[in-house]
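Dear colleague,

Please find below the structure that I am handing over to you. My notes on it follow directly after.

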Amino acid sequence: MFNLFNRGKKQTARSTDRLPPGQKLVRGWPVLHEGEIPQFDPATWRLRLFGNVEEEVLLSWDQLRALPQSEFVRDFHCVTTWSRYDNRWGGVSVETLLGLVRLKEGTSHVLQHCYDGIHYTTNLSLEDFSKPDNLVATHHDGQALTPEHGGPVRMIVHHLYAWKSAKWLSGIEFLKGDRRGFWEVRGYHNRADPWLEERYSSQE
């Protein structure tokens, strides 16, 4: 994901096209990530909901799969300029997850944590995190998510560039204030709206 295209001018108005500016439609599903693909053990895997909450929640794999399941069809846009239409995501909606925790006053952001070797993180405002149809995905187009695409669990934040949909999700930390993640401190945009081409922090 490092500097795969030239830095462009910031968009001044949000595009209304289905394909965001600077993007190319693909039929396949490119594989991009930093670090090694982690090993998944369903017996030890946990999803931790913690931070600025009244009480931490720790979900096992079986507990996550026992929660109400949702399915949404949405487009997916990568900062490296490819887009893929009509992805059918299955998993647990953010609305369901938020129903499991009591947020303390002042919670404004979340930080996604992953269980890869580099301890990848990426941040979101609570507003962006809680948008309708965002979910913790375990399935794509009717099949279990494969490891190279972030399986068994990845976040899906369909309205932002794909790096905000963290692979290999292991924790969601609720924050009282913002904290930039792995790519954000390395020069990528803090919000990442594809229709505004929010690719780099110099555009903020």
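In which loop does P152 lie? P152 belongs to the loop between β9 (143-144) and β10 (154-156), where helices (H or I, at least four residues) and strands (E, at least two) are DSSP runs numbered from the N terminus. The peptide bond leading from G151 to P152 is cis, with omega near 15°.

Two remarks on conventions come before the rest. This is a predicted model, in which local features need pLDDT of at least 70 and side-chain atom pairs count only at pLDDT 80 or more, whereas totals for chains, interfaces and linings use all residues. Residues are numbered from 1 along each chain as its sequence is written, and side-chain values use heavy atoms, with hydrogens and water left out.

Backbone and loops

Two further loop residues deserve mention. D133, in the loop between α3 (126-129) and β8 (135-140), has a phi near 80°, a positive value in a residue other than glycine. D133 counts as buried at 18% relative accessibility (buried is under 20% relative accessible area, exposed over 50%, partly exposed in between, with a 1.4 Å probe and protein chains only). D141, in the loop between β8 and β9, also is not a glycine and has a positive phi of about 50°. D141 is partly exposed, with a relative accessible area of 31%.

The sheet

An open sheet of five strands runs in the order β3-β2-β11-β6-β7, with mixed pairing; two strands pair if DSSP finds at least two bridges between them. β3 (57-60) and β7 (121-125) stand at the edges with a single partner strand each, so one side of each has no neighbour in the sheet. On average, neighbouring strands of this sheet are turned by 15° against each other, direction ignored (axes are lines fitted to C-alpha atoms, for helices over the stretch in contact, and angles run from 0 to 180 degrees between N-to-C directions). Strand β6 (residues 109-114) pairs with β7 in the antiparallel sense over five bridges, and H109 stands opposite S125 in β7.

N52 is found in the loop between β2 (46-51) and β3 and is buried, with a relative accessible area of 14%. The side chains of N52 and T107 are joined by a polar contact of 2.7 Å (a pair of N or O atoms within 3.5 Å; within protein, one must be able to donate a hydrogen and the other to accept it, and residues adjacent in sequence count only if both atoms are side-chain atoms).

Aromatic residues

The structure holds eleven aromatic pairs (rings of Phe, Tyr and Trp, the last by its six-membered ring, with centres within 6.5 Å; planes under 30 degrees apart count as stacked, over 60 as edge-to-face and the rest as tilted). Y161 and W163 form a stacked pair, 6.0 Å centre to centre with 15° between the planes, and both Y161 and W163 are buried. Y188 and Y200 form a tilted pair, at 5.4 Å and 40°. Y188 and Y200 both lie in the segment after β11 (169-175), so their pair ties together parts that are twelve residues apart in sequence. Y188 is buried, with a relative accessible area of 2%, and Y200 counts as buried at 2% relative accessibility. Ring pairs link Y120, Y161, W163, F182, W183, Y188 and Y200 into a cluster.

R18 lies over the face of Y85, at 3.9 Å from the ring centre (the criterion is NZ of Lys or CZ of Arg within 6 Å of the ring centre and within 35 degrees of the ring normal). R48 lies over the face of F50, at 3.8 Å from the ring centre.

With kind regards
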